[in-house]
Amino acid sequence: MTMTTTVPKPAVRPTAKNATAPRPAPSLAREDLAARKGASRAASKDLGTPESALRAGRENAAAPKPAPRTTWEALTEAVRETGGYPTRARAEHLTRLVLTALGTHLTGDERVALAQSLPPEAGHLIASRIPLPHPLTAREFVDSVSTQLPDSTPATARWDVSSVLTAVSTTIGPALTDQVLSQLPRGYALLFGRAELAAAMA
């Protein structure tokens, strides 16, 4: 009877290729710390540098944004409907005249806010004008527009000016309309369709 002896193989010596150092299981505290660090890195990636985060905070705390602009077509169509004009071309012509004249009467934040709240075409008409040293009275304002309208009378000119400014007031809202009126002489409220705030035209 032949006996076979099995010689155990020598253990493989760890090398740089197959060596794997055992890692202790992370504790709950370490897992929580890692999660917090990951969240912090994600937040930093979204905000960028600390300066960017501060700048974003200041921008969010800035003044309210102006209302979304309507279009030039919508504004002039509103003028056409308000004034009962047969064509939008007539309404566009009057809108350009009145807003160009209004641009010479406003300054400061009200001027900027009004230009930003109207369509770009209308905002440019206001922002491109140089303000007068002294604004005209409401009656003088109507008369100045009347001189640019053939066959115009004081009554028809006042209707035309009021049709444009009432449509503008509806577009920009009551709060900004009040701010604009605060820069104008007494009597303009009637032209903006705000008869309840207006005295007789000076």
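The largest nonpolar core of this predicted model comprises 37 residues, and those with the most contacts inside it are Leu102, Leu114, Phe141, Val161, Val168 and Leu184; such a core is a set of buried Ala, Val, Leu, Ile, Met, Phe, Trp, Tyr and Cys residues joined through side-chain atoms within 4.5 Å, where buried denotes under 20% relative accessible area (1.4 Å probe, protein chains only). At least two residues of this core are supplied by each of α3, α4, α6, α7, α8 and α9 (174-182), the helices being DSSP runs (H or I, at least four residues) numbered from the N terminus. Leu114, when its neighbours within four places in sequence are left aside, is in contact (heavy atoms within 4.5 Å) with Leu102, Leu106, Ile126, Val168, Ile172, Leu176 and Val180.

Residues are numbered from 1 along each chain as its sequence is written. Local features need pLDDT of at least 70 and side-chain atom pairs count only at pLDDT 80 or more, whereas totals for chains, interfaces and linings use all residues, and side-chain values use heavy atoms, with hydrogens and water left out.

In helix α4 (residues 88-102), the buried residues are Ala91, Leu94, Thr95, Leu97, Val98, Leu99, Ala101 and Leu102, and their cover includes α3 (72-83), α5 (108-117), α6 (120-127), α7 (138-146) and α8 (154-172). The axes of α3 and α4 come within 8 Å and cross at roughly 100°, taken as lines fitted to C-alpha atoms over the stretch in contact, with angles from 0 to 180 degrees between N-to-C directions. The two helices are therefore roughly perpendicular, a term covering 65 to 115 degrees.

Conventions: Buried < 20%, exposed > 50% of the residue type's maximum accessible area, 1.4 Å probe, protein only. Parallel < 35°, antiparallel > 145°, perpendicular 65-115°, else oblique.
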